[in-house]
Amino acid sequence: MIKVDATHGRVQLRDAEGKVWLGPCRAGVQLADGTYISLDDDARPESGVDGLVVKQRKAGGPELRWHFQPHPAEGALGLWLEIHNPTGSALAVVRLEVLVAPDDFVRPDADQPWLAMGPRMLVGFVSEGAPNCQITSGLVASQSVAAILPPGGTLPSELLWLVLDQTPADARASFTSAVKREQGG
C-alpha cells in the first residue's frame with residue numbers, strides 16, 4: 001500500500017512500513033508567457049472525495065490542485081494535477097508537470113514515452129491522452145498541452161498510475177488493468 005505524506009507543501013510517498021519511496025515530490029504548471037506555478041510550503045493538504053488533495057492558490061492567481069487516489073488492492077496510486085483559473089483573464093497553459101521526483105528512479109520506455117519502469121516501481125499515464133505525455137529520467141512525468149484556460153475554467157492532467165514494491169509482472173498487470181478501466185475497455 002502506498003501512503004501519501006503531504007505536509008507543508010512537500011509530498012512524500014511511503015510504503016506500508018513508512019519507508020520513503022519518493023520525496024519530496026512536487027508538481028507545477030508552465031504557462032505560455034514563461035510563468036511557472038508550483039506547489040510550495042504554503043500548499044495545504046485536504047481530504048477529498050477521491051483521497052487526498054493538495055491545494056495552493058496565490059493571491060490573484062490560479063489554483064493548483066494535486067489529487068492522490070489510493071488503490072490498495074492493486075498496490076497503486078492514481079494521481080493527477082489540475083489548474084483552476086479563478087482570475088478574470090484567460091491563461092495559456094503549455095505543460096502540466098504531474099509528478100517531479102528528486103532522484104533518478106525510472107528508465108523510460110523508448111516505444112511508449114508515457115511509461116517508465118524502475119526497481120520495484122512502474123509509473124505511467126493510463127488515459128487516452130497518454131501520447132501527449134512523457135516520463136523522463138529523474139522521474140519527471142509531464143503532459144504537453146496547448147490550452148487556453150478561460151476564467152472559471154479547470155484543466156486536469158491525464159491520470160498517472162504509480163505502482164510500488166511489486167514484481168514487474170504484477171506492476172504491469174496493475175498498469176494494464178488501469179489502462180483498460182480508464183479507456184473504457
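**Close-up views of a predicted single-chain model**

The chain exposes about 8,600 Å², of which carbon and sulfur atoms supply 51% (Shrake-Rupley method, 1.4 Å probe; for residues, only the protein chains shown count as cover). This is a predicted model, in which local features need pLDDT of at least 70 and side-chain atom pairs count only at pLDDT 80 or more, while totals for chains, interfaces and linings use all residues. Residues are numbered from 1 along each chain as its sequence is written, and side-chain values use heavy atoms, with hydrogens and water left out.

**View 1. Overall chain.** The chain has one helix and 16 strands (DSSP runs numbered from the N terminus: helices are H or I with at least four residues, strands are E with at least two). Its C-alpha atoms fill a box of roughly 50 × 35 × 30 Å along the principal axes. Buried residues (under 20% relative accessible area, 1.4 Å probe, protein chains only) make up 47% of the 185 residues.

**View 2. Largest nonpolar core.** A nonpolar core is a set of buried Ala, Val, Leu, Ile, Met, Phe, Trp, Tyr and Cys residues joined through side-chain atoms within 4.5 Å. Of the 56 residues in the largest one, Trp66, Ile83, Val93, Phe125, Ile135, Leu139 and Leu160 touch the most other members. Apart from residues up to four places away in sequence, Val93 is in contact (heavy atoms within 4.5 Å) with Val29, Gln30, Leu31, Ile83, Val145, Ala146, Ala147, Leu149 and Leu155.

View 3. Strand 16 spans residues 160-164, and five of its five residues are buried. Leu160, Leu162 and Leu164 point one way, whereas Trp161 and Val163 point the other way. In a regular strand the side chains alternate between the two faces of the sheet. Strand 16 pairs (at least two DSSP bridges between the strands) with strand 8, residues 76-84, in the antiparallel sense over four bridges; Leu79 has Leu160 as its bridge partner. Strand 12, residues 121-125, also runs antiparallel to strand 16 and is joined to it by five bridges, with Met121 opposite Leu164.

How values were computed: Buried means under 20% relative accessible area, exposed over 50%, partly exposed in between (1.4 Å probe, protein chains only).
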